[in-house]
Amino acid sequence: MIEITEPARTAIKTAIDGAGQPVAGLRVMVQGGGCAGMKYGMALELEAQPDDAVVKAGEVTVLIDPESQAHLAGTKIDFVTGLDGSGFVFDNPNATSSCGCGKSFC
């Protein structure tokens, strides 16, 4: 369903390990908004929902709700560090356009 690079897995694992409580995984979602119409969202989840797609990548689990699954199919999630900061980067083949920030698409 999605590809998660090694740097992204490391960043996700760091976030989960730092949560201070048991976490089911990292939820990756698509929400309305952003400068291009849709935006990516991420949140640590205490429990997976029965209809979630569950993606195991090494030691981490990513959860994707049914509404976001079609928008994220084939997406590659990476974590990059550069002069202007660090963060997750989404390479989404379903996006017809995106904004300069890389967090919003349509």
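The model is predicted, so local features need pLDDT of at least 70 and side-chain atom pairs count only at pLDDT 80 or more, while totals for chains, interfaces and linings use all residues. Residues are numbered from 1 along each chain as its sequence is written, and side-chain values use heavy atoms, with hydrogens and water left out. The chain has two helices and eight strands; helices (H or I, at least four residues) and strands (E, at least two) are DSSP runs numbered from the N terminus.

**Overall**

- From the N terminus on, the order of elements is β-α-β-β-β-β-α-β-β-β.
- Of the 106 residues in the chain, 35% are buried; buried means under 20% relative accessible area, exposed over 50%, and partly exposed in between, with a 1.4 Å probe and protein chains only.
- The accessible surface of the chain is about 5,800 Å², and carbon and sulfur atoms hold 53% of that surface; accessible areas come from the Shrake-Rupley method with a 1.4 Å probe, and for residues only the protein chains shown count as cover.
- Contacts (heavy atoms within 4.5 Å) between residues at least 6 apart in sequence include 50% that join residues at least 24 apart.

**The sheet S1-S6-S7**

- Three strands form an open sheet in the order S1-S6-S7, with mixed pairing; two strands pair if DSSP finds at least two bridges between them.
- Strand S1 (3-4) and S7 stand at the edges with a single partner strand each, so one side of each has no neighbour in the sheet.
- S1 and S6 run parallel and are joined by two bridges; glutamate 3 has lysine 76 in S6 as its bridge partner.
- H1 packs on this sheet and touches S1, S6 and S7, its direction making about 80 degrees with that of S6; axes are lines fitted to C-alpha atoms, for helices over the stretch in contact, and angles run from 0 to 180 degrees between N-to-C directions.
- Strand S6 (residues 76-82) and strand S7 (residues 85-91) run antiparallel, with seven bridges between them.
- These two strands, S6 and S7, form a hairpin with two residues between them, and valine 80 has glycine 87 in S7 as its bridge partner.

**Strand S2 and its partners**

- Six of the eight residues of S2 are buried, so the strand is largely enclosed by the rest of the structure.
- S2 and S3 run antiparallel and are joined by eight bridges; on the S3 side, leucine 44 is the bridge partner of leucine 26.
- S2 also pairs with S5, in the parallel sense and over two bridges, and here leucine 26 stands opposite valine 62.

**Nonpolar core**

- The largest nonpolar core has 21 residues, and those with the most contacts inside it are Ile2, Ile4, Ile12 and Val62; such a core is a set of buried Ala, Val, Leu, Ile, Met, Phe, Trp, Tyr and Cys residues joined through side-chain atoms within 4.5 Å.
- Two or more residues of this core come from each of helix H1 (6-17), strand S2 (25-32), strand S4 (53-57), strand S5 (60-64) and S7.
- H1 gives the most to this core, with four residues.
- Beyond its neighbours within four places in sequence, isoleucine 2 is in contact with Val55, Val62, Ile64, Leu72, Thr75 and Ile77.

**Isoleucine 16**

- Isoleucine 16 lies in helix H1 and counts as buried at 19% relative accessibility.
- Not counting residues up to four places away in sequence, isoleucine 16 touches Val23, Gly25, Leu26 and Leu44.
- Isoleucine 16 and threonine 61 are 45 residues apart in sequence and 9.6 Å apart in space, C-alpha to C-alpha.

**Aromatic pairs**

- The structure holds two aromatic pairs; rings of Phe, Tyr and Trp (its six-membered ring) pair if their centres lie within 6.5 Å, with planes under 30 degrees apart counted as stacked, over 60 as edge-to-face and the rest as tilted.
- Tyrosine 40 and phenylalanine 90 are stacked, at 3.9 Å centre to centre and 5 degrees between the planes.
- Tyrosine 40 lies in strand S3 (residues 38-45) and phenylalanine 90 in strand S7, so this pair ties together parts that are 50 residues apart in sequence.
- Phenylalanine 79 and phenylalanine 88 form an edge-to-face pair, at 5.0 Å centre to centre and 75 degrees between the planes.
- Phenylalanine 79 is partly exposed, with a relative accessible area of 23%, whereas phenylalanine 88 is buried at 17%.
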